[in-house]
Every structure is written in C-alpha cells, then in structure tokens.
Amino acid sequence: MPSTLLRTAPALRAGLRARAAKPLAAAASTGFVRGKATLPDLPCAASPSIPHSVWAFAGFSADADADDYGALEPHISGQIMELHHSKHHQTYVNGFNAAVEALSEAQHKNDSKAAAAQAPLLNFHGGGHVNHSLFWENLAPNGKGGGGEPEGKLMTAISEDFGSFDNLKKQTNAALAGIQGSGWAWLVKDKASGTLSLVTRANQDPVTGNLEPLLGIDAWEHAYYLQYQNRKVEYFSAIWNVINWGTVAKRFEK
Ligand SMILES: [Fe+2]
C-alpha cells in the first residue's frame, strides 16, 4: 500500500497554490509502435534500433555511444546503467507487451477469467516500464544538468512544503531507507492543490490518480547493488549528485 510521508503543513498552502487538475503526464519515453511498448532511448551504439532522445533530454549527447552508460560515474556505475536499461527495463517492456497481447486474446474469446488474470501483470510490467522511463529522464551527468539544487518556482514550492531543500533530501532518503523489499520513492504534486509530498510505492506500482510524479528514485537492488552492495544508504545519498532538476521543474510547472 502506498503511504504519504512527512509533508510540512500542506493544507495551509494548498489554497495558495491551487492549480486546476490536469491529466497525468505520460512518460515522454513511453513509446508504442503498432500497439507495442518499446524500450526508451539510451545511448548504445551497439543497438542502433534504440534511439537516443531520452538520453539527449537528460543531458547526454544525441549521438551518444555505449560509453555514455558511464556518464553518471562515479555516482552510478556504467555497468549498473547498462544492465538496468538494456536488461531490467527491457524485461518490463517485454512483459507488458505479452500481457497486452494476452488481454487482447482473452477479449476476443470473451474470456473474463483470462482477462482478469492479466491485471497484476499489466500493473507490474506496465508500471515498471512507466517508472523507469521517468527515472532515466530524472538523471543527468554533472555539468549537463545533473546535480545542484532546484531553482525558481520548484525551489519555492519545496521550501514551502518541506521547509528546505535539505529537508526534502533527508525525508526522501529516510523514505527510501524505509522501503521493505523493492519499490520506489516519489516526489509528487497533488494535481488539485499543487502541493508537494513524498510517497513510496511497492514493487513497480506506478503513481496514478490525483498525484503527478515529479521525481522518482529506484530502490530496487538492481539499481545499486553491483556498486554499493549492502550500503544502499550511500546510493541514496549519491544519486542527488545526478538528479536533473530541469526535468523535475518542467513536470512541476505543467
Ligand atoms: Fe529499476
């Protein structure tokens, strides 16, 4: 079950920054080709069928090659990034497509039981695809938009709802450390009130409903274990050095 965490007096500010509800922004990299989900773009010259728009958006060069998997080092190793994208994310894409096909087949057969059986697979693999597509956009190398502090309206909102940027980081790291098993922590915006808060999600459950996901941090072991082993707290601290606040600000201001 999702849990809302540690928001600083949001109700008082809700009216001040109330915004009209808007539809959940789709992950820019969640592509569909002939009804199929496709792996979002990453820099791998060895896989020319994979375009590069997501990495380019995140501050990587448009003609990036496989070396760019290491662009987030020393904070996240190239080995982790390559496996995370090309193996783990691909598995979610494959699983999502298989579930969509199975659902379509069940619909054609008017087989309600078979259709219902796809629900958890659609949530898990579809959520995995959406979450990771957002995650890649969250990240950028130092000097190319990664790290530093948020600015402008986003920073103002963070200061109002969390007290300070440092508090946001501390509360996010505490939320990440508190995840039992696999899951994510998200900085989200309430679509009705415009207030910010932190939520966690188990496994690959996506952020849906009235919450707009602005920034997600992957707390699955596959996101850090090859580099940080049991020291996941170090990973949670290091990832702030490669957060692309420009991406987060754009989502916030939609
Ligand atoms: Fe992941």
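Mentor: Two strands are said to pair if DSSP finds at least two bridges between them, a strand being a DSSP run of E with at least two residues, numbered from the N terminus. This is a predicted model, in which local features need pLDDT of at least 70, side-chain atom pairs count only at pLDDT 80 or more, and totals for chains, interfaces and linings use all residues. Residues are numbered from 1 along each chain as its sequence is written.

Trainee: What makes β4 and strand β6 (residues 211-218) a pair?

Mentor: Seven bridges join β4 to β6, and the two run antiparallel; the definition asks for at least two bridges, so they count as paired. Within β6, Leu 215 is the bridge partner of Leu 187.

Trainee: How do you know that β4 also pairs with strand β5 (residues 196-202)?

Mentor: β4 and β5 are linked by seven bridges in the antiparallel sense, with Lys 189 standing opposite Leu 196. They form a hairpin with five residues between them, and Gly 194 in the turn has a positive phi of about 80 degrees.

Trainee: Why is β4 called mostly covered?

Mentor: Eight of its eight residues are buried, a word that requires 20 or more other C-beta atoms, placed from the backbone, within 10 Å of a residue's own. Gly 183, Ala 185, Leu 187 and Lys 189 are buried on one side, and Trp 184, Trp 186, Val 188 and Asp 190 on the other.

Trainee: Which residues does Trp 186 touch, not counting those up to four places away in sequence?

Mentor: Trp 186 touches Val 199, Arg 201, Val 207, Pro 213, Leu 215 and Gly 216, contact meaning C-beta atoms, placed from the backbone, within 7 Å.

Methods. Contact = placed C-beta atoms within 7 Å. Buried ≥ 20, exposed ≤ 12 C-beta atoms within 10 Å, placed from the backbone. Helix = DSSP H or I, 4+ residues; strand = E, 2+ residues; numbered from the N terminus.
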